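This report looks at helix packing and nonpolar cores in one protein model. The sequence and structure come first.

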Amino acid sequence: MSGIKLIAGLGNPGDKYTMTRHNAGFWFVDLLAQQSGSRLTAEAKLFGIAGKWQPHGDKWLLKPTTFMNASGKAVAAIAHYYKISPAEILIVHDELDLPPGQAKLKFGGGHGGHNGLRDIHAALGTPDYWRLRLGIGHPGNKAEVVNFVLKAASKDEQQAIDDSLIKASGISELLAQGQFEKAMLQLHSK
């Protein structure tokens, strides 16, 4: 089984969104780039900020610059250009159904109302790709969700999210090698 060839972190471009919960996917890609010494640059034809994931020559890191609801445009562009199949893609996104500090890895499934995933489903024509779900908690009221994801987390919540990013980054090499079971075991164990 081939490993992950594209890690796409979801978020919204622009300074006003940098520290909002919806940008947890961006934070993960930034952390991986920093840890691996990978350089990300704006790539107009890929609709994102992208770069080779070091030390892998054939693997990519991506932060779409299309805004969350059009994330599929960037993911599909890089996947088609570099002939990366959906099963070789990891989408990293904020997850309302997990508390801050939890991260879960899964393959396929629905979009759960997440507009970034909804657009990626449509652009790839399949839900069969990997997801790294980064818990941001839930406001408790569905009507508050939009405001909630576009606000910064509290200091304690942010610390928990940052800790989960570090823990999740620890499985990145296993994902690159296609060792998904091992990666899940490591990530999901306390």
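## A covered helix and its cores

The buried residues of helix H2 pack against strand S1 (6-9), strand S3 (48-52), strand S4 (60-64), strand S5 and helix H3. The model is predicted: local features need pLDDT of at least 70, side-chain atom pairs count only at pLDDT 80 or more, and totals for chains, interfaces and linings use all residues. Residues are numbered from 1 along each chain as its sequence is written, and side-chain values use heavy atoms, with hydrogens and water left out.

Some terms need cut-offs. Buried means under 20% relative accessible area, exposed over 50%, and partly exposed in between, with a 1.4 Å probe and protein chains only. Contact means heavy atoms within 4.5 Å. Helices (H or I, at least four residues) and strands (E, at least two) are DSSP runs, numbered from the N terminus.

H2 is mostly covered, with eight of its 11 residues buried. These are Ser71, Gly72, Ala74, Val75, Ala76, Ala77, Ile78 and Ala79. Tyr81 also belongs to H2. Tyr81 touches Lys45 and Leu46, leaving aside residues up to four places away in sequence. Just after H2, Lys83 has a positive phi of about 50°.

How do H2 and H3 meet? Ser71, Gly72, Lys73, Val75, Ala76 and Ala79 in H2 meet Gly116, Asp119, Ile120, Ala123 and Leu124 in H3. The geometry is tabulated here.

| Helix pair | Axes come within | Crossing angle |
|---|---|---|
| H2 (residues 71-81) and H3 (residues 115-124) | 7 Å | roughly 40° |

Axes are lines fitted to C-alpha atoms, for helices over the stretch in contact, and angles run from 0 to 180 degrees between N-to-C directions. H2 and H3 are therefore oblique to each other. Angles under 35 degrees count as roughly parallel, over 145 as roughly antiparallel, 65 to 115 as roughly perpendicular and the rest as oblique.

The largest nonpolar core has 33 residues. Such a core is a set of buried Ala, Val, Leu, Ile, Met, Phe, Trp, Tyr and Cys residues joined through side-chain atoms within 4.5 Å. Ile7, Phe28, Leu90, Leu105, Leu132, Leu134 and Leu175 touch the most other members. Helix H1 gives the largest share, seven residues. Leu90 touches residues including Ile4, Leu6, Leu105, Trp130 and Leu175, not counting residues up to four places away in sequence. Apart from this core lies another, of 20 residues, among them Trp60, Met68, Ile89 and Leu117.
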